[in-house]
Amino acid sequence: MTVYWAEYAWLPDGAAERVRIDVVKGRIAAVAAGVEAPADAVRLPGLTLPGLANAHSHAFHRALRGRTQADRGTFWTWRSQMYAVAETLTPDSYYALARAVYAEMALGGITCVGEFHYLHHAPGGRRYADPNAMGAALVAAAADAGIRITLLDTCYLAGGIGTPLEGPQLRFGDGSAEGWAARVAGFSADGRARVGAALHSVRGVPADQIAPVVGWADEHGAPLHVHLSEQPAENEACLAAYGVTPARLLADHGALGPRTSVVHATHLTDDDVKLIGGSSTWTCACPTTERDLADGIGPIRTLFDAGSPVSLGSDSHAVIDLFEEARAVELDERLRTGVRGHWPAPELLRTAFAHDSLGWPDAGALAVGARADLVTLAVDTPRTAGFGRLTAAETAVFAASAADVRSVIVDGRPVVTDGVHVTVDVGRELAEALR
């Protein structure tokens with residue numbers, strides 16, 4: 001058993017002081033607040049939170065940070081630059097980049113990532129000897145960076161509605177949903193990795209190919225994620241081709257439900273909101289990417305009130321900071337409405353702990369039986385100075401940043417100590433991978 005003693009900790013019923021947390025075999029065995037530190041305890045000065053869940057990641061997009069801002073551009077010109085990066089990667093180079101990206105996530109308190117993975121094959125669509133070599137590289141990268149992963153293996157069959165894959169997109173395709181399922185069947189993961197399913201979007205998966213992917217997810221009890229209504233052009237194309245919105249198309253093919261997460265959900269009708277909320281489908285908000293790409297501000301609070309639980313993702317990794325993602329959900333809504341106070345800080349914190357959407361219901365809380373993921377924020381930095389227990393959630397959401405994380409423990413194993421990753425020189429490895 002390892003005994004931790006947190007100066008402050010965020011427990012299921014709020015912030016507490018002087019909290020002892022006993023960890024046995026990677027699980028929390030006991031929690032007691034208001035106690036003095038045992039002599040043998042590992043002290044965690046600051047505010048200790050459950051691990052953060054990054055529910056939407058494209059690891060290779062990290063290569064675009066700071067490189068897509070010149071000459072203004074659009075979502076579609078950004079996408080062309082993204083495809084150019086995708087064309088260059090091999091299993092070895094993708095491993096190196098992803099390991100550094102996942103280690104950057106760990107530095108910010110992220111203990112589990114949902115990797116929306118569609119870069120499956122070699123250039124031109126040629127199959128590797130191991131058809132899951134790229135996915136295996138991501139799973140290995142997460143393990144070596146010290147975090148868990150849900151590999152959301154993505155079915156991506158078309159370059160647009162009625163348009164075949166071409167050029168760099170050929171790396172994404174499996175020919176059909178059945179071909180996708182046959183490839184995924186050959187992939188296995190260990191106890192710190194899980195395999196889920198994803199539909200790229202209604203642009204990337206023809207309507208008659210949606211149901212087989214949904215069926216695979218149902219058969220395996222796996223999460224199912226999908227990009228939804230990120231751009232108005234997607235809605236327009238879907239209406240023209242099928243006569244319904246993307247949300248209605250997914251609903252008509254059985255793709256919505258409590259194991260499904262719709263990512264972005266930016267441009268929705270009132271009926272779309274009812275479909276998503278009424279089916280208890282998750283909404284994954286990625287505000288830093290949505291603002292970087294000028295996607296717009298989605299009706300996240302409206303979706304939540306309609307019954308859709310909310311998770312967060314750093315998506316394209318313009319920023320990797322789930323505290324920033326959480327506060328942006330509230331601050332963007334303030335800009336949209338001209339009114340403050342849509343989200344209480346504790347609610348926003350819970351969006352950052354949302355491991356359920358990735359298929360890890362035993363994570364995301366400092367509670368007996370949960371996975372021992374402990375993330376400690378310093379409360380004496382220029383951003384967090386003035387911290388008090390009664391405003392702990394407000395400090396975490398509206399003041400802190402990833403740079404304030406000092407300690408990260410994943411499944412009882414130290415991954416970040418004193419603000420430094422224990423095995424990865426993150427800046428150097430990012431620079432080398434990007435070079």
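## The largest pocket

In this predicted model, the lining of the largest pocket comprises, by class, 13 nonpolar, 3 polar and 3 charged residues. The volume of this pocket is about 320 Å³, and among the 19 residues that line the pocket, those closest to its centre are Arg350, Thr351, Phe353, Ala354 and Gly364.

Two elements, strand 1 (2–11) and helix 12 (345–352), each contribute at least two residues to the lining of the largest pocket. Helix 12 provides the largest share of that lining, with 3 residues.

## The largest cavity

The structure contains 1 cavity of 30 Å³ or more, and the space in the largest cavity comes to about 170 Å³. A total of 17 residues line the largest cavity, and the closest of them to its centre are Phe75, Trp78, His200, His227 and Glu230.

Helix 1 (residues 75–86) supplies 5 residues, the largest share of the lining of the largest cavity. Sorted by class, the lining of the largest cavity consists of 7 nonpolar, 6 polar and 4 charged residues.

Thr245 is placed in the loop between helix 6 (232–242) and helix 7 (246–252). Because its relative accessibility is 15%, and buried means under 20%, Thr245 counts as buried.

Leaving aside residues up to four places away in sequence, Thr245 touches Cys238, Leu239, Thr269 and Asp272. One of these residues, Thr269, is 24 residues from Thr245 in sequence, while the C-alpha to C-alpha separation of the two in space is 8.3 Å. With Asp272, Thr245 makes a polar contact of 2.7 Å, which joins the two side chains.

Key: Residues are numbered from 1 along each chain as its sequence is written. This is a predicted model: local features need pLDDT of at least 70, side-chain atom pairs count only at pLDDT 80 or more; totals for chains, interfaces and linings use all residues. Side-chain values use heavy atoms; hydrogens and water are left out. On a 1 Å grid over the protein atoms alone, a cavity is a set of points where a 1.4 Å probe fits but cannot get out, and a pocket is an open set with protein on both sides within 12 Å along at least five of seven lines; lining residues have an atom within 4 Å of a point. Grid points are joined across faces, edges and corners, and a volume is the space filled by probe spheres set on the points. Helices (H or I, at least four residues) and strands (E, at least two) are DSSP runs, numbered from the N terminus. Ala, Val, Leu, Ile, Met, Phe, Trp, Tyr, Cys and Pro count as nonpolar, Asp, Glu, Lys and Arg as charged, and the others, Gly among them, as polar. Buried means under 20% relative accessible area, exposed over 50%, partly exposed in between (1.4 Å probe, protein chains only). Contact means heavy atoms within 4.5 Å. A polar contact is a pair of N or O atoms within 3.5 Å; within protein, one must be able to donate a hydrogen and the other to accept it, and residues adjacent in sequence count only if both atoms are side-chain atoms.
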